[in-house]
Amino acid sequence: EIEPKLKYERLANDLTTILHKDAASCIAVHPKFLALGTHWGMIHILDHIGNNIRDKEIVAHTTTVNQISIDDNGDYLASCSDDGRVIITGLYATENNQVVTFDRPVKAIALDPFYYKPASGRQYVTGDDKLILNERSGFLGRHKMTVLHQGEGPIRNIKWGGEFIAWANNNGVKVYDVSSKTKITKIDKDHDMRPELCVCQLVWRDTKTLLIGWGDRVKICVVKEQNKADMKENLPTRYVEIIAMFTTDFLICGIAPLATNIVVLSYDKLGEKQEGGRYVASRPHLQILEPHMKSFEEISNDALSIRGFQEYRCNDYHLESIAEENLYFIVSPKDVVVARLRDQDDHITWLMDHGRYEEAMAAASEHSKELKTHSYFAIGRAYLDYLLEEQEYEEAGRLCVKILGKKKESWEEEIYKFAKIHQLKAVAPYIPRKDPRLSTTIYEMVLNEFLNSDYERFYQLIKEWPPDLYDNDSIINAILVRLDKERNPQLLLQSLGQLYAHKRAYDKALDIYLRLKHQDVFQLIHDHNLYDKISDKITQLMDLDQNRAVKMLLDNIEIIPAEKVVQQLSKSQRYLYVYLDQLVQRDLQGTQGYHGQLVRLYAEFDRPKLLPFLRRSEFYPLQTAWEECEARDYIKEQVFLL
């Protein structure tokens with residue numbers, strides 16, 4: 001699905017009441033306000049959301065208002081009607097108000113963009129079967145009329161931009177240069193559609209670029225300066241060049257600029273179609289086109305839900321724009337809809353509606369200063385909800401860190417959501433332990449979840465999480481309750497040992513680890529300096545890992561004296577041998593009292609070390625050594641002793 005370029009809003013407020021009683025016939029727009037003309041001859045001054053700005057409506061004409069024009073400053077507006085009256089109204093002052101009556105219907109009017117300036121001559125042009133320039137001139141400021149063009153049928157549209165006046169009659173479009181007082185071009189009508197059924201649409205994109213939409217044809221024209229070297233006598237100093245010209249498959253009800261593209265209000269060429277025994281019109285469309293010299297590319301195309309569209313023809317619609325704000329006002333007799341370019345908030349809303357949350361988050365991060373309704377955090381929370389709904393639990397858990405950051409309350413709210421759907425395992429690895437530190441209840445809830453479902457993960461968390469995050473006693477009690485029912489309690493016992501160590505119940509912790517014959521017992525003793533508590537557990541430690549046990553005993557001989565170790569190991573001669581062998585290698589002189597035992601132990605468990613030891617030591621009884629060697633028939637050792 002392609003993302004739309006425009007968004008639409010129906011104007012309401014006071015406008016609803018106005019169109020309930022009357023019907024819109026034309027509109028003029030300005031950055032400050034809207035001026036809406038009606039079929040009853042009224043002009044209503046409204047803000048951009050449909051509220052009346054002035055308390056009273058302007059009773060301008062006795063019949064349909066044909067066209068309204070506003071000067072650049074928004075100080076004056078001019079209107080014309082089939083009643084033959086032209087009215088110029090000052091919105092802030094009345095001294096320049098004018099009412100001019102013609103003896104024929106006036107179909108079009110355009111104010112000088114600089115009408116508000118005192119020295120401008122207060123000029124405006126009117127169109128009936130003649131194009132007439134009206135101005136105040138002379139010392140007394142008398143009304144002066146100058147016919148600029150006539151003889152080619154009714155003039156139905158006039159637009160004044162900068163120094164140029166463009167108008168359309170039955171034969172085509174012409175442009176008049178106000179500064180040189182000359183007509184500089186004629187652009188022929190190149191189709192046979194009746195003008196009263198499909199009025200020519202004109203708009204100045206800037207002071208020198210004219211957009212023309214007429215029937216199914218579009219032309220883009222630019223006013224250019226003549227090259228002085230090529231100029232011939234009596235020719236205008238300026239000319240018009242058509243830079244784009246193409247035919248569409250629809251009728252054009254309105255045209256407006258959008259940067260280098262154009263916006264077109266279009267009507268189905270086929271007009272009406274039969275539905276349910278009656279003829280009804282199709283919906284109008286608002287399209288963005290990218291113009292080329294002889295073709296165009298459609299950027300977007302939106303069908304409009306205009307009230308009563310089934311009854312309307314091409315000329316019932318009007319399009320006016322405030323180009324600098326990218327606002328487009330679509331007018332029908334009973335409705336006014338405003339279209340505007342979608343902003344970053346709209347773009348993000350569309351991405352979220354289509355499940356493209358990562359793109360939405362990236363856009364929010366890049367355009368954070370432009371956003372009014374969205375924020376990176378809110379989008380992220382919505383994304384997490386979406387992932388949970390889509391059962392993407394692992395991804396949701398992973399993204400919590402990125403989205404929730406250091407927001408404690410948000411973390412807790414999100415974890416409860418995971419808990420509700422029994423998916424705490426997905427978020428557990430990412431739960432913060434500090435900055436922010438969550439409430440104790442959260443950590444206990446997670447531990448209890450794993451205690452009930454995954455002993456391995458429970459044990460990992462007990463090892464990884466600092467013990468002050470939760471209440472040790474409540475978790476210990478929960479484990480003790482389960483131990484009675486558990487057939488394979490090893491992981492539970494490991495966890496219990498870790499918890500006892502956390503609460504400094506080291507005797508209990510040691511007992512559990514030794515009961516389990518778990519290698520972590522050595523780390524436990526080392527981490528918590530428990531050497532003074534193992535003097536009666538030396539044999540169990542040797543059973544577990546004699547090499548690690550001996551190294552630990554020798555490294556801490558000041559706390560665990562050799563006498564205690566020898567006493568403990570006296571019932572296990574092999575363990576005694578391993579210990580004394582390592583001890584004598586570290587300190588030959590300080591272990592004299594054990595050399596006699598070592599002779600016997602070497603003779604029994606490691607003969608290759610016996611003769612070197614006999615040669616090295618002088619502190620064993622010779623007779624005892626001789627008897628040990630003689631009993632085992634160790635000839636070399638006996639020779640040495642003799």
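Author: In H12, the buried residues (under 20% relative accessible area, with over 50% called exposed and the range in between partly exposed, using a 1.4 Å probe and protein chains only) are Tyr506, Ala509, Leu510, Ile512, Tyr513, Leu514 and Leu516. The model is a predicted one, in which local features need pLDDT of at least 70 and side-chain atom pairs count only at pLDDT 80 or more, while totals for chains, interfaces and linings use all residues. Residues are numbered from 1 along each chain as its sequence is written, and side-chain values use heavy atoms, with hydrogens and water left out.

An α-helix has 3.6 residues a turn, so residues three or four places apart point the same way. The buried residues of H12 pack against H9 (455-464), H11 (490-502), H13 and H14 (538-544). Helices here are DSSP runs of H or I with at least four residues, strands are runs of E with at least two, and both are numbered from the N terminus.

H12 is followed by Lys517, which lies in the loop between H12 (506-516) and H13. Although Lys517 is not a glycine, its phi is positive, near 55°. Lys517 is exposed, at 61% relative accessibility.

His528 is partly exposed, its relative accessible area being 30%. Leaving aside residues up to four places away in sequence, His528 touches Ala501 and Tyr506, where contact means heavy atoms within 4.5 Å. Tyr506 is also one of the buried residues of H12. By contrast, 43 Å separates the C-alpha atoms of His528 and Phe377, which are 151 residues apart along the chain.

Asp435 belongs to the loop between H7 and H8 and is exposed, with a relative accessible area of 52%. The peptide bond from Asp435 to Pro436 is cis, with omega near 10°. Pro436 is likewise placed in the loop between H7 (424-427) and H8 (440-453).

As for the whole chain, there are 21 helices and 30 strands. The radius of gyration, taken over C-alpha atoms, is 48 Å, well over the 26 Å that the globule rule gives for 642 residues, so the chain is more spread out than a compact globule. That rule is 2.2 Å times the number of residues to the power 0.38. Along the principal axes, the C-alpha atoms fill a box of roughly 150 × 65 × 55 Å. Of the 642 residues, 51% count as buried. Among contacts between residues at least 6 apart in sequence, 50% join residues at least 24 apart.

The chain exposes about 31600 Å², of which carbon and sulfur atoms supply 47%; accessible areas come from the Shrake-Rupley method with a 1.4 Å probe, and for residues only the protein chains shown count as cover.

Finally, a search of the whole structure finds zero disulfides, a disulfide being a pair of cysteine sulfur atoms within 2.5 Å. The sulfur of Cys200 is 8.9 Å from the closest cysteine sulfur, in Cys198, which is too far for a bond. Cys200 is buried, with a relative accessible area of 3%, and Cys400 is buried at 0% relative accessibility.
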